[in-house]
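Please look through the sequence and the model below before going on to the notes.

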Amino acid sequence: MPVHPVSSFSATVATLRRAGCVFAEDEASLLHEAAASPDQLASLVEHRVAGLPLEHVLGWAEFCGRRLAVDAGVFVPRRRTEFLVAQAAALAPRRAVVVDLCCGSGALGVALATEAAATLDRVDLHACDVEPAAVRCARRNVGGLGQVYEGDLFDPLPVGLRGRVDVLLANVPYVPTADVELLPAEARVHEPRVALDGGGDGLDVMRRVAAEAPEWLAPGGSLLVEASERQRDAAVEVLRGAGLVPRVVVSEELYATVVIGTAGRGRVKPCRRYGPADHVKR
Ligand SMILES: C[S@@+](CC[C@H](N)C(=O)[O-])C[C@H]1O[C@@H](n2cnc3c(N)ncnc32)[C@H](O)[C@@H]1O
């Protein structure tokens, strides 16, 4: 842990604690490390006390052991989603075409591409998101590791990827509309609604992704989605209904549920496409 001037460090801890930060000492340490001057420290602490997520105050989040840029207004990648990445890494062939759909900051694709670099020959990474702020942030994180596109789900992807995607990462929004108001303010206020709201039962975006996934997956390729424990059986049926072979993997440690749908090795039959209007039923 870095050494801080005792009085100012303990004052920061006390301020954060009063504001309700559970890990006040850890946060104070990160804020002191990030601040280049006392004025900047005061500003960072002020933003944190005002309720901004720590990651937005710092400008980065730790994900799979790396610091990735997370700009204001961009979904903060959650630690539980590292479990989805670990499952994807285990499934990826040595030369993998990877799509990170609904990529947000691009954390999943970057983590998979860099982690897998040690064991795979090559990852051809394509990421996309509908939110311009997320796309800008993902472009910074992805850098030379791949391409980042802006648009609705699969729309911006190069058509040449159809039938060639080995790993389709899709951590889509999956909070049921009625539950968005129950989220902590850090998410509800500071993350865009489009990153959280998954429609009535939370699975509307997942349905749209699953319906198109078979057209994009390579034979034997897999779609990986995260869901809540409560949504698990419905998510399995969504993937099965799209013609994929579903299975569920759970991490009790990370409190993560991932549903994996694998395409058959034969010819793929295109499924029904759902439009954005099917999702936005509020
Ligand atoms: C739960 S966040 C996940 C972000 C990132 N995958 C992660 O785990 O950190 C969902 C993301 O989906 C994006 N999104 C929502 N609807 C979309 C759509 N129709 N097309 C593309 N992206 C969409 C949001 O902008 C948001 O970045």
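Into which domains is the chain divided? The chain falls into domain 1 (6-69) and domain 2 (79-279), with bounds that come from an automatic or database domain assignment. This is a predicted model, in which local features need pLDDT of at least 70 and side-chain atom pairs count only at pLDDT 80 or more, while totals for chains, interfaces and linings use all residues. Residues are numbered from 1 along each chain as its sequence is written.

**The two domains**
- The centres of domain 1 and domain 2, taken over C-alpha atoms, are separated by 31 Å.
- Their contact takes 9 residues from domain 1 and 15 residues from domain 2, where two residues are in contact if their C-beta atoms, placed from the backbone, lie within 7 Å.
- On the side of domain 1 that touches domain 2, the largest share, 3 residues, comes from strand β2 (residues 66-69).
- That side of domain 1 has 6 nonpolar, 2 polar and 1 charged residues, where Ala, Val, Leu, Ile, Met, Phe, Trp, Tyr, Cys and Pro count as nonpolar, Asp, Glu, Lys and Arg as charged, and the others, Gly among them, as polar.

**The chain as a whole**
- The secondary structure comes to 12 helices and 9 strands, which are DSSP runs numbered from the N terminus (helices are H or I, at least four residues, and strands are E, at least two).
- The radius of gyration, taken over C-alpha atoms, is 20 Å, close to the 19 Å that the globule rule (2.2 Å times the number of residues to the power 0.38) gives for 282 residues, so the chain is as compact as a globular protein of that length.

**Helix α11**
- In helix α11 (residues 232-241), the buried residues are A235, V238 and L239.
- Seen down the axis of α11, these buried residues fall within an arc of 90°, taken from the directions from the helix axis to the C-beta atoms, so they line one face of the helix.
- The buried residues of α11 pack against α10 (204-216), β7 (217-227), β8 (245-251) and β9 (256-262).

**Around the ligand**
- The ligand is surrounded by 21 residues, of which the closest are P77, C102, G104, V130 and A195; a residue counts as near if its C-beta atom, placed from the backbone, lies within 6 Å.
- This shell has 14 nonpolar, 4 polar and 3 charged residues.

Key. A residue is buried if 20 or more other C-beta atoms lie within 10 Å of its own, exposed if 12 or fewer, and partly exposed in between; C-beta atoms are placed from the backbone.
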